[in-house]
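User: Could you walk me through a few spots in this model? I'd like to go residue by residue and then look at the strands.

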Amino acid sequence: MRWTAVLSTAVAAGCGASLVVAASPAAFAAGWRNVGGGAALKYSGSLDRVDFAGKDVGWAVGSKGAAPKSGSVPAPNPVIARYTAKGWAAQASPVKFSPMDVAVSSASNAWAVGYGTWMNPIAIHWNGKKWAKVGYGAPAVPFQVSAASDGTAYSTAGITYAAGVSAVLRWNGSSFVDAKVPLPQSTTITTVDVRNKKDVWLAGTTTADGRKITGLVLHYDGTSWKRINVPGEFGVNAYQAIIYRIVALSPTSVYAIKDAQAAQTTNALLHWDGKTWKSYTTPLNTAPLGISPDGRGGVVVLPAVNNGKSRYLHFNGKTWTTFYGPARKGTVQVTDVDQRPGTKGVVSVGVASSGSTRTPFIELFG
């Protein structure tokens, strides 16, 4: 399983640093800028996921410690960082776990999901005053969680992103419970995006014959779930592509990123216009790890591989442009990205690795 995160922002370093967003669409030409996280980022480890519900309402999660060795499970040592108008501040987790994702509905409603020492699922909830552990009704590893401003939240879980047990859960006000989505047999749901309680999007893969893989999207309109097949080659069982992330800008503009993995196909950005899908090959056929609206009708896509600088792929609906962040020491990987609602700014998080040291960072674009 892979996970990553990107957090973008513009401003001076230090604990009191605040996000600054330029209003002009031309601001993308200025590139990504580093933002100091202050004491909240004074550790060696990762910063894997970020989510914003408003200009000054956001959270990022990660883990302290060295990168796990291949095939091993890292010791749970979570990081939770909250953003307000005062800047970033570290928060304590009520339980030891390895965060996989974070979702924010408002300043008094946020969730983080992940797994414990024995790969047991763990979810925590912020009620405006404190974080508390809550129930997670699936014996699987939480992949993602997504929330809307009306308090609606959904989470996906499974054993691997490629195949196996798959679960979709929704927040009922006190815990995550089975969302009772009518999934076809042999379906793996990997990603979710929630716009409101009557506009929920799921994506994943399925197989009708146990061999050939097909992409699919499910949309909930508040009454029922509608299946939308995704055209294109997704490979065969055990050698398949996945839909890693989905983001809905509106009911008639939905983007998803297709990761070829081991399949004999291309990586791609997929777009649904309410009637048909279009597929756009990512620059250099790079594997995409994250996606976010850009606040202008397009999206920012994260490539799987960077080097000494963070790299961002911007798609304006027709063409691609590549932008870079500031130079850093070591190998740089951006792990997640999210637009700050109410602004045209996009925030990303990531980590720069040099030897045994992993330095988390936050950047801003726009």
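Predicted model: local features only at pLDDT ≥ 70, side-chain atom pairs only at ≥ 80, totals over all residues.

User: OK, where is Arg 245 found?

Analyst: Arg 245 is found in strand S20, residues 242-250, where strands (E, at least two residues) are DSSP runs numbered from the N terminus.

User: Buried or exposed?

Analyst: Arg 245 counts as buried because its relative accessibility is 11%, buried meaning under 20% relative accessible area with a 1.4 Å probe and protein chains only.

User: Which side chain does Arg 245 join in a polar contact?

Analyst: That of Gln 144, at 3.5 Å; a polar contact is a pair of N or O atoms within 3.5 Å, and within protein one must be able to donate a hydrogen and the other to accept it, while residues adjacent in sequence count only if both atoms are side-chain atoms. Not counting residues up to four places away in sequence, Arg 245 also touches residues including Arg 49, Asp 101, Tyr 255 and Asp 336, contact meaning heavy atoms within 4.5 Å.

User: And S20 itself, why is it described as largely enclosed?

Analyst: Eight of the nine residues of S20 are buried, so the strand is largely enclosed by the rest of the structure.

User: What does S20 pair with?

Analyst: S20 pairs with strand S21, residues 253-259, in the antiparallel sense over seven bridges, where two strands pair if DSSP finds at least two bridges between them. A hairpin of two residues joins S20 to S21, and Ile 243 has Lys 258 as its bridge partner in S21.

User: Switching topic, where does Gly 62 lie?

Analyst: Gly 62 lies in strand S3, residues 57-64, and is buried, with a relative accessible area of 0%. Its C-alpha atom is separated by 5.9 Å from that of Pro 78, 16 residues apart along the chain. Leaving aside neighbours within four places in sequence, Gly 62 is in contact with residues including Ser 46, Asp 48, Pro 78 and Pro 99.

User: Last one: what is the strand order in the open sheet of four strands?

Analyst: The order is S24-S25-S26-S27, with antiparallel pairing. Strand S24 (288-293) and strand S27 (320-327) stand at the edges with a single partner strand each, so one side of each is left without a neighbour in the sheet.

Note on methods:
Residues numbered from 1 in each chain as written. Heavy atoms only, no water. Buried < 20%, exposed > 50% of the residue type's maximum accessible area, 1.4 Å probe, protein only.
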